[in-house]
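Please keep the viewer open as you read.

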Protein chains: 2
Amino acid sequence: MSPYKAVETEDKSSDVVWHLASVSHEERVKSHGHRPAVLWFTGLSGSGKSTVANAVDKMLHDLGCKTYLLDGDNVRHGLNGDLGFSDQDRVENIRRIGEVSKLFADAGLLVSTAFISPFTVDRELVRGQLQAGQFIEVFIDTPVEICEQRDPKGLYKKARAGEIKNFTGIDSAYELPLQPEVHVKTAEHSIEACAKQVVDYLKSHGYLKAVSS
Amino acid sequence: MSPYKAVETEDKSSDVVWHLASVSHEERVKSHGHRPAVLWFTGLSGSGKSTVANAVDKMLHDLGCKTYLLDGDNVRHGLNGDLGFSDQDRVENIRRIGEVSKLFADAGLLVSTAFISPFTVDRELVRGQLQAGQFIEVFIDTPVEICEQRDPKGLYKKARAGEIKNFTGIDSAYELPLQPEVHVKTAEHSIEACAKQVVDYLKSHGYLKAVSS
């Protein structure tokens, strides 16, 4: 929106050009003391996305970063409460999460997202909408057999029983990230080690340079 | 999501319960040093919503608050780029903005939104989704004659010429806020005074108490 002139009134103080004072992205970033980014966690159901993302979010918060976490708990029943599980709705689900994470990055935060996001084209769409270096794909690489053993929500059992259709890893594809910024193997390392791997990536790539760490 | 046990592997360190470490809303709020809220600016096109909202956002930022601003520039072509101007799409537009502002408040920020949002039911829907005291309705009350004189985007001219249909204030209703938390009259006061009125409301109601001001 362009600045515009206020109309003349009895109050002379409004008889001036209305400057559109606004906070720039750079000023927002500076106020937080670290670089903003979207940490896009992707992986199968039960892979540990949400657990690792929460642990990373906590580590970053404890380091003094301004963070937020988008996951099924705060998105699926709110912003995306009108969406189902058709192909079209699943694409729209990821599109909106991408747009919201972009807004959080614009606000200067380190925002984590934890959604299966099985298709490369959807993830790359989000990457393409962000500034260079603001999209960090974190592949939570856990073998489907182990995810199914964990089955924290009982979803694999339902999928095997045919109660859930198009379940990623069972009868719907998960497209492997080709060049994820961080490749995490939860079956081989502790949750703390997995989270630290992500935080170490941020440290070594200069995202946290102004934060005491 | 419930915490769940990691499978046993060669690496003994993962053979533990995976605690779901997470940052609570209270911890996020504490890290920002002020209370979170949604400043919901509502008013006619040309009323000065965006200008006042930007000025408020800048004042709060300069006071050390963590802020963000949602307006047509960053929402209409992104998150809500799939929406048109039908009644249904206008409702969905406001619903999504409400949901996103709720996420920002959950993150602990002072988020401003600047959209006409002409219907009481839509605004009250957003209010109802937020915690008590987190929705602050800011009515930018500028007579339609003055908005039309300003006409910063030339929209009134197009509406009068019949090029835009269902234009709020011309051939579509604007429902006045009945009990807005802040009632701002841009035709009577300078932009700085209008912005200060909103910031003073926040100060006097304890939103900024931990911020140096």
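Two strands count as paired if DSSP finds at least two bridges between them. Helices (H or I, at least four residues) and strands (E, at least two) are themselves DSSP runs, numbered from the N terminus. Before using these terms, a word on conventions. The model is predicted, so to speak of a local feature requires pLDDT of at least 70, side-chain atom pairs count only at pLDDT 80 or more, and totals for chains, interfaces and linings use all residues. Residues are numbered from 1 along each chain as its sequence is written, chains are lettered from A and ligands numbered from 1 in the order in which they are written, and side-chain values use heavy atoms, with hydrogens and water left out.

Start with strand β5 of chain B, residues 110-114. On one flank, β4 (residues 67-71) of chain B runs parallel to β5(B), joined to it by 5 bridges. Within that pairing, B:Y68 stands opposite B:V111. Strand β3 (residues 37-42) of chain B is also parallel to β5(B), again with 5 bridges, and here B:F41 stands opposite B:A114.

How well covered is β5(B)? Buried means under 20% relative accessible area, exposed over 50%, and partly exposed in between, using a 1.4 Å probe and protein chains only. By this rule 5 of the 5 residues of β5(B) are buried. The side chains of B:L110, B:S112 and B:A114 point one way from the strand, while B:V111 and B:T113 point the other way.

Now step back to the pair of chains. Two copies of a chain are related by a rotation about an axis and a shift along it.

What does the interface look like in numbers? With contact taken as heavy atoms within 4.5 Å, 59 residues of chain B are in contact with 59 residues of chain A. The two chains bury about 5300 Å² between them, 63% of it on carbon and sulfur atoms; buried area is the accessible area (1.4 Å probe) that two parts lose on being put together, summed over both. The interface also holds 7 salt bridges, each a side-chain nitrogen of Lys or Arg within 4 Å of a carboxyl oxygen of Asp or Glu. One of them joins A:E27 and B:K58, at 4.0 Å from N to O.

Finally, turn to the annotated sites of chain A. UniProt positions are given in the numbering used here, feature names are shortened, and annotations may be inferred rather than shown by experiment. An unreviewed UniProt entry lists A:S117 under "active site". A:S117 sits in the loop between β5 (110-114) and α5 (120-129) of chain A, and it counts as buried because its relative accessible area is 3%. Leaving out residues up to four places away in sequence, A:S117 touches A:W40, A:F41, A:T42, A:I94, A:R123 and A:Y174.

Under "binding site", the unreviewed UniProt entry lists residues including A:L44, A:G46 and A:K49. A:L44 is in the loop between β3 (37-42) and α2 (49-62) of chain A, and A:G46 lies in the loop between β3 and α2 as well. A:L44 is buried because its relative accessibility is 11%, and A:G46 is buried because its value is 5%. Again leaving out residues up to four places away in sequence, the contacts of A:L44 include A:K49, A:I116, A:T142 and A:Y174.
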